[in-house]
Amino acid sequence: AAPFLEWHSKATDIPIICLTVYLAFIFGAPKVIKNPLKLKKLFAVWNLGLSIFSIFGASRVVPFLFNEVNAKGFQFTVCQTPTNWYADGPVGLWMMFFIYSKFPELGDTFFLVLRKKNVIFLHWFHHVTVLLYCWHAYHTRIACGIWFAAMNYSVHSVMYFYYFMTNIGYYKLMRPFAPFITCGQILQMVVL
């Protein structure tokens, strides 16, 4: 993953271009799309894929982070430069995947727009700011980035599975879990 850090540092225009297209689609496509597309099954598969991806990411990043906290202390994990402890190996790879996963996660919004669902400000603002934050954090090698990735992978593992289940018809079964997922989403924003 370390070779990507150098390329990443030089490619700062990529998120700006992608987010410009993203925002243009959000505000322009609803004027062009007359009828909602029937994408419920595809959206369910999309959510399942993101959940599985997040489970794999969490399974690599979370245990590593806890081991480092136990071995070297919390302060080490929020102050030490990532290239000194987690930029390489499996964790470095999954941290890189985490950063670049913010681009496919924009697909959530594309599904909403194509299905003629309302895209609220908080939804698109969250996607824009998280992508920019993650790109910047990776570029500047922010030590606490692994904490954000661990929390985000964990929350997304559950959240995207919840969306999958509700899309295939298990809304009533999943409904009691919604407040806990929302709390997890808010908690990760408060903590970091």
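Helix H8 gives the largest share of the lining of the second largest pocket, 5 residues. This is a predicted model, so local features need pLDDT of at least 70 and side-chain atom pairs count only at pLDDT 80 or more, while totals for chains, interfaces and linings use all residues. Residues are numbered from 1 along each chain as its sequence is written, and side-chain values use heavy atoms, with hydrogens and water left out.

**A few terms**

- Picture a 1 Å grid over the protein atoms alone: a cavity is a set of points where a 1.4 Å probe fits but cannot get out, and a pocket is an open set with protein on both sides within 12 Å along at least five of seven lines.
- A residue counts as lining when it has an atom within 4 Å of a point.
- Grid points are joined across faces, edges and corners, and a volume is the space filled by probe spheres set on the points.
- Helices (H or I, at least four residues) are DSSP runs, numbered from the N terminus.
- Ala, Val, Leu, Ile, Met, Phe, Trp, Tyr, Cys and Pro go down as nonpolar, Asp, Glu, Lys and Arg as charged, and the others, Gly among them, as polar.

**The second largest pocket**

- This pocket holds about 180 Å³ of space.
- It has 13 lining residues, and the closest to its centre are Leu65, Phe66, Trp147, Ala150 and Met151.
- Two or more lining residues come from each of H3, helix H4 (74-79), H8 and H10.
- Sorted by class, the lining has 11 nonpolar, 2 polar and no charged residues.

**The largest pocket**

- Its volume is about 920 Å³.
- Of its 31 lining residues, Ile120, His123, Met159, Tyr163 and Gln185 are the closest to the centre.
- Helix H3 (40-72), helix H6 (107-114), H7, H8 and helix H10 (178-191) are the elements that give two or more residues to this lining.

**The cavities**

- There are 2 cavities of 30 Å³ or more in the structure.
- The largest cavity has a volume of about 160 Å³, and of the 16 residues lining it, Tyr86, Met95, Ala137, Tyr138 and Ile142 are the closest to its centre.
- At least two residues of that lining come from each of helix H5 (89-101), helix H7 (121-140) and helix H8 (145-167).
- By class, the lining of the largest cavity splits into 13 nonpolar, 2 polar and 1 charged.
- The second largest cavity comes in at about 40 Å³, and its lining is made up of Lys102, Glu105, Leu106, His126, His127, Val130 and Leu131.

**The cysteines**

- You'll find 0 disulfides here, a disulfide being a pair of cysteine sulfur atoms within 2.5 Å.
- Cys79 is in no disulfide, and the nearest cysteine sulfur, that of Cys144, is 9.0 Å away.
- Cys79 counts as exposed at 54% relative accessibility (exposed means over 50% relative accessible area, buried under 20%, partly exposed in between, with a 1.4 Å probe and protein chains only).
- For Cys134, the closest cysteine sulfur is in Cys144, and at 11 Å it is too far for a bond.
- Cys134 is buried, with a relative accessible area of 2%.

**A look at Ser157**

- Ser157 sits in helix H8 and is buried, at 11% relative accessible area.
- Leaving aside neighbours within four places in sequence, Ser157 is in contact (heavy atoms within 4.5 Å) with Ser51, Ser54, Ile55 and Ala58.
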